Amino acid sequence: MGSAGLPLMLLLLAGALARILGSEGGKETPAHFLFQHKVECRFFNGTRRVRFLNRDFYDRQEMDCYDSDLGKFEAVTPLAQPDVDQWNSDKAFMQYQKTGVDRFCRHNYEILQRASVVGRRAKPTVSISPTKLDPTSPNTILLCIVRGFYPVEIKVRWLKNGRPEEEGVAFGEELQNGDWTYQLQVMLETQPQWGDVYACQVEHASLEAPITVQWEPRSSNSAKSKLWTGIVAAVIGVIFFAMGLSLYLKSKKAIPIQPPAVCLKENVFWKMKSNTLYEG
């Protein structure tokens, strides 16, 4: 906080605390009590979205809270309502609270970043996992899984046969791994055909060149159908050929072998001629 804002804030909190303690039906002030003032910064995706919370507690019970998403104070207990109304009506004080997102949160984030993780880079690992949600559906779900990258800014896209694929693409949220690194999943729902080549391409500050991981379908449904049709046709053809060959061989065995007609005539002629010469 600035040098002018801190005394003002402490003065307002002291007045609020005095009113709360004095409104307890004439009871004596307890010998020991705990008053806490907490300022929270909640970061989403680095400093892209920041939520600033300014909260007051008395004996572990929250009394009031300023929420930057709402842009005003809210009373958590009825005793804090008069002070909340007064603070919300003070334009200068409320303007000071609204600057907390940049003045306190983003400012301290940059200081901590420079002190601890400045220039830090973690290269991502990329893998593709195919799955089918419905065995009867021709659609296949391809998951591009990107792990272990830092900073959070990253670009992931799907390619089909070298061209960007946008239809059927769904992006998940960047998830923190607890070690300053992130992971991300990008889904593609498609109908892979034989010969198609899919690729997940990742661009990141830690990489000198994009990472590209490819995936090819082993066999599509149409290719499997054509393959089985060809196999069945070949088997039927072999069966018919074997049956025809068997019938042909059986018919050849059933036909009796007779001498040619010309030979029979020559034998008869020779016998007649022999008889004639014998008789003469």
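Reply: Gladly! One convention to begin with: Ala, Val, Leu, Ile, Met, Phe, Trp, Tyr, Cys and Pro count as nonpolar, Asp, Glu, Lys and Arg as charged, and the others, Gly among them, as polar. Please also keep in mind that this is a predicted model.

Me: How do the residues of the lining of the largest pocket divide under that convention?

Reply: They split into 10 nonpolar, eight polar and three charged. The lining has 21 residues, and those nearest the centre of the pocket are Gly46, Tyr109, Tyr150, Trp180 and Tyr182. By the convention, Tyr and Trp are nonpolar and Gly is polar. The space in this pocket is about 420 Å³.

Me: Which element gives the largest share of that lining?

Reply: Helix 4 does, with four residues. Strand 1 and helix 4 are the elements that give two or more residues to the lining.

Me: What makes cysteine 41 and cysteine 105 a disulfide?

Reply: Their sulfur atoms are 2.1 Å apart, and the cut-off is within 2.5 Å, so the pair qualifies. The torsion about the S-S bond is about -85°, so this disulfide is left-handed. Cysteine 41 lies in strand 1 (residues 35-44) and cysteine 105 in helix 4 (residues 100-116), so the bond ties together parts that are 64 residues apart in sequence.

Me: How many disulfides does the structure hold?

Reply: There are two. The other pair is cysteine 144 and cysteine 200, with sulfur atoms 1.8 Å apart, so this pair too meets the cut-off of within 2.5 Å. Its torsion about the S-S bond is about -75°, so it is left-handed. Cysteine 144 belongs to strand 6 (residues 140-149) and cysteine 200 to strand 12 (residues 198-204), so parts 56 residues apart in sequence are tied together. Cysteine 144 is buried at 0% relative accessible area, and cysteine 200 is buried at 0% as well. With the bonded cysteines numbered in sequence order, the pairing reads 1-2, 3-4.

Me: Why does cysteine 65 count as buried?

Reply: Its relative accessibility is 13%, and the limit for buried is under 20%, so the label holds.

Me: What puts the buried residues of helix 3 on the same side?

Reply: In helix 3 (residues 91-98), the residues concerned are Phe93, Met94 and Gln97. They cover an arc of only 95° around the axis, so they sit on the same side of the helix. Lys91 and Ala92, on the other side, are exposed. At the start of helix 3, a side-chain oxygen of aspartate 90 comes to within 3.3 Å of the backbone nitrogen of alanine 92.

Methods. Residues are numbered from 1 along each chain as its sequence is written. This is a predicted model: local features need pLDDT of at least 70, side-chain atom pairs count only at pLDDT 80 or more; totals for chains, interfaces and linings use all residues. Side-chain values use heavy atoms; hydrogens and water are left out. Buried means under 20% relative accessible area, exposed over 50%, partly exposed in between (1.4 Å probe, protein chains only). The arc is that of the directions from the helix axis to the C-beta atoms. A polar contact is a pair of N or O atoms within 3.5 Å; within protein, one must be able to donate a hydrogen and the other to accept it, and residues adjacent in sequence count only if both atoms are side-chain atoms. On a 1 Å grid over the protein atoms alone, a cavity is a set of points where a 1.4 Å probe fits but cannot get out, and a pocket is an open set with protein on both sides within 12 Å along at least five of seven lines; lining residues have an atom within 4 Å of a point. Grid points are joined across faces, edges and corners, and a volume is the space filled by probe spheres set on the points.
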